[in-house]
Amino acid sequence: MFILHEPRRVPGDLAMWFFILAELTVFAILILAFAVTQVLKPEVFAQGRAQLDTSTGLAMTLSLLTAGLLAALAVQQVRLGRSRQGCALLLGALLVALVYVWIKVAEYAHLAGSGLGLEYSTFFTLYWVLTGFHFLHVLLGMVILGWLAWRCWQRAYRVPGLSGLESGVLYWHMVDLVWVVLFPLVYVIR
Amino acid sequence: MRSANPYLKFQSQAVAKPYFVFALILFLGQVLFGLIMGLQYVIGDFLFPLIPFNVARMVHTNLLIVWLLFGFMGAAYYLIPEEADRELHSPKLAIVLFWVFAAAGVLTILGYLLVPYAALAKLTHNELLPTMGREFLEQPTITKMGIVVVCLGFLYNIGMTLLKGRKTTVSMVMMTGLIGLAVFFLFSFYNPGNLARDKFYWWWVVHLWVEGVWELIMGSMLAFVLIKVTGVDREVVEKWLYVIIAMALITGIIGTGHHFFWIGAPEVWLWVGSIFSALEPLPFLAMVMFAFTMVKQRRRQHPNRAATLWAKGTTVTAFFGAGVWGFLHTLAPVNFYTHGTQLTAAHGHLAFFGAYAMIVMTLISYAMPRLRGIGEAPDPRSQTIEIWGFWLMVVSMVMITLFLTAAGAVQVWLQRWQVDGVALPFMATVEHLQVLFWARLVSGVVFLLGLLCYLYSFRQRARVVGAPAAIVY
């Protein structure tokens, strides 16, 4: 067990927290729109949800959460001065995130191939908008993870100059967090 | 040869002055045509057939765009050398482009006023590359090409300055905004015959300007002035700027969707447009917090009180005009009723004035005393007059907005809300709005007084006595 004696501080750059706040606000409104429309059109949503595979959703959730764990472990390694181990963990996170992308793209292809596109029903309009917007964030998050891995390989982060690394990993946690709300909302709730 | 101006860090910044002066002259013209139209709303045949309403409207809105462009260019010529820490690449090019742009602008406005629009189209051979006839983009094709040439020369000039000099966040954001301005203008050259498609390209100029790249220009101009008047660390200011531009771009670009509601685009835009544009007030709110926090944390008491007031004022007015009044009618179920009513006019007036007219005047207020070589700030009396101008313009513009909002609400009720057969046609509805239009006109006259007051504040000619030995840039 580590006992931390250093004063409590906010990890990462304050600007990143503001940015995350702005992003979460966008997602919050999207999620609210989805939830409210579900109440207004319960049948359309039940029919739409029946077309989705919950275990696929669960697999995506697990892959994103695993990537989040690996990224958090990477920060810990870099804090202990082990940049190369940090780099390896970040690459691991990237790889697991790639599993998410692979499943998501397969799901998108399947739905589009079945004619369940953007215009099929209100459920699918919102499904595509909500998960599509999140998907773009995953891609951006992966670019950031890749950049962080490269910087770790160069041993660019040294205590106490970890703000850049922490900010990048924070962004990834935000992407994780949003999906954790999306998964039950889109796939599970009946 | 004139002696060097001690209040300019780089002598080439002086090219900004003609841009600012001409911008304010055009602003005066814009307000006069606004008053003509305000009168035509209540006395329909006023000045007919000399200046028909549609021509007055075109001149009013085109002058707005052109004077803001002059203002942005002047601002760039002033702040880019100072940020890059070197002289402007070519002051001569900046002056040549000024005259080209000014001549093209004046000729175009004269064209609008002296010949019928169709004749102007014929005269300028619009048929070769038809681009005329779209709101805000009515300029003859040849003028549009002139604007492109001026923009290219301008971007080359400040780009070279930037490349050779210091690269700061403020100047990079400004440059990004200005490049975006030029790039998105190119959509105005494509004019599809299909009206729905036409609307897409039109909005990609108009919306991506005012709710996209212009916000970057505004943010960087605001940051520049705040660094100067508060002395707060550049690092702090830059962090704020990053947050502001990130929010502006997230909400603004996808927010374009609120223009695709009723033009024949797929239904998904009702959702996308409503949700993303609902967040468009955020960057403006961030700007308000930015300005007030910086002023609160200021390290020096800048003698130019008026410039500080403008900097704070522009953020608040922009937040209400662009943010709140925009949100008022941006949700699709609301916009279904309010689309194209006087509410749009209310929003347009307070947003353009608060965000863009006021940010240009903020920079002019800060830079003009230096450009004119009279000091860091005008004398206290001139500043008092300027502050009077500020308040007269802001308050009267708020009144214009409130009267137009009331007119819009009545219009929605009479013309849109009522079911078939009871709903009034447009011209019959307008009859019921006369009192509000008169009130708007009176507010417009007060606005003109405010502008004259502001222009009169430039009366001081001599240097401020007892100027400090060391000049802070």
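**Reading the backbone, the core and the packing**

Reply: B:F136 is placed in the loop between α4 (117–123) and α5 of chain B. Helices here are DSSP runs of H or I with at least four residues, strands are runs of E with at least two, and both are numbered from the N terminus. The model is predicted, so local features are reported only at pLDDT of at least 70 and side-chain atom pairs only at pLDDT 80 or more, while totals for chains, interfaces and linings use all residues. Residues are numbered from 1 along each chain as its sequence is written, and chains are lettered from A and ligands numbered from 1 in the order in which they are written.

Me: What is the phi of B:F136?

Reply: Most residues other than glycine have a negative phi, and most peptide bonds are trans. B:F136 has a positive phi of about 70°, although it is not a glycine. B:F136 has 16 other C-beta atoms within 10 Å and is therefore partly exposed. A residue is buried with 20 or more other C-beta atoms within 10 Å of its own, exposed with 12 or fewer, and partly exposed in between, the C-beta atoms being placed from the backbone.

Me: Where does B:L47 lie?

Reply: B:L47 lies in the loop between α1 and α2 of chain B. B:L47 is not a glycine, yet its phi is positive, at about 65°. Its 15 other C-beta atoms within 10 Å make B:L47 partly exposed.

Me: Which residues does a cis peptide bond join?

Reply: In chain B, such a bond joins B:F48 and B:P49, with omega about 5°. B:P49 is in the loop between α1 (16–42) and α2 of chain B. In chain A, a cis peptide bond joins A:V159 and A:P160, again with omega about 5°. A:P160 belongs to the loop between α5 and α6 (163–188) of chain A.

Me: How many helices and strands does chain A have?

Reply: Chain A has 6 helices and 0 strands. The C-alpha atoms of chain A fill a box of roughly 55 × 30 × 30 Å along the principal axes. Of its 190 residues, 33% count as buried. Contact means that the C-beta atoms of two residues, placed from the backbone, lie within 7 Å. Among the contacts in chain A with a separation of 6 or more, 82% are between residues 24 or more positions apart.

Me: Which residues have the most contacts inside the largest nonpolar core?

Reply: A nonpolar core is a set of buried Ala, Val, Leu, Ile, Met, Phe, Trp, Tyr and Cys residues joined through C-beta atoms within 7 Å. The largest one has 193 residues, and A:L90 and B:L226 have the most contacts inside it. Helix α2 (residues 53–84) of chain B gives the most to this core, with 21 residues. Apart from neighbours within four places in sequence, the contacts of A:L90 are A:A71, A:A74, A:L145, A:L148, A:A149 and A:C152.

Me: At what angle do helix α8 and helix α10 of chain B pack?

Reply: Two packed helices are described by the angle between their axes and the distance between the axes. Helix α8 (residues 234–255) and helix α10 (residues 281–296) of chain B pack at about 165°, with their axes 8 Å apart. That angle makes α8(B) roughly antiparallel to α10(B). Axes are lines fitted to C-alpha atoms, for helices over the stretch in contact, and angles run from 0 to 180 degrees between N-to-C directions. Angles under 35 degrees count as roughly parallel, over 145 as roughly antiparallel, 65 to 115 as roughly perpendicular and the rest as oblique.

Me: Which residues make the contact of these two helices?

Reply: Among them are B:W240, B:I244 and B:M247 of α8(B), and B:L282, B:M287 and B:F290 of α10(B). By class, this contact has 12 nonpolar, 1 polar and no charged residues. Ala, Val, Leu, Ile, Met, Phe, Trp, Tyr, Cys and Pro count as nonpolar, Asp, Glu, Lys and Arg as charged, and the others, including Gly, as polar.

Me: How many residues does the contact take from chain A and from chain B?

Reply: The contact takes 14 residues from chain A and 15 residues from chain B. On the side of chain A that touches chain B, α1(A) supplies the largest share, 9 residues. That side divides into 11 nonpolar, 2 polar and 1 charged.
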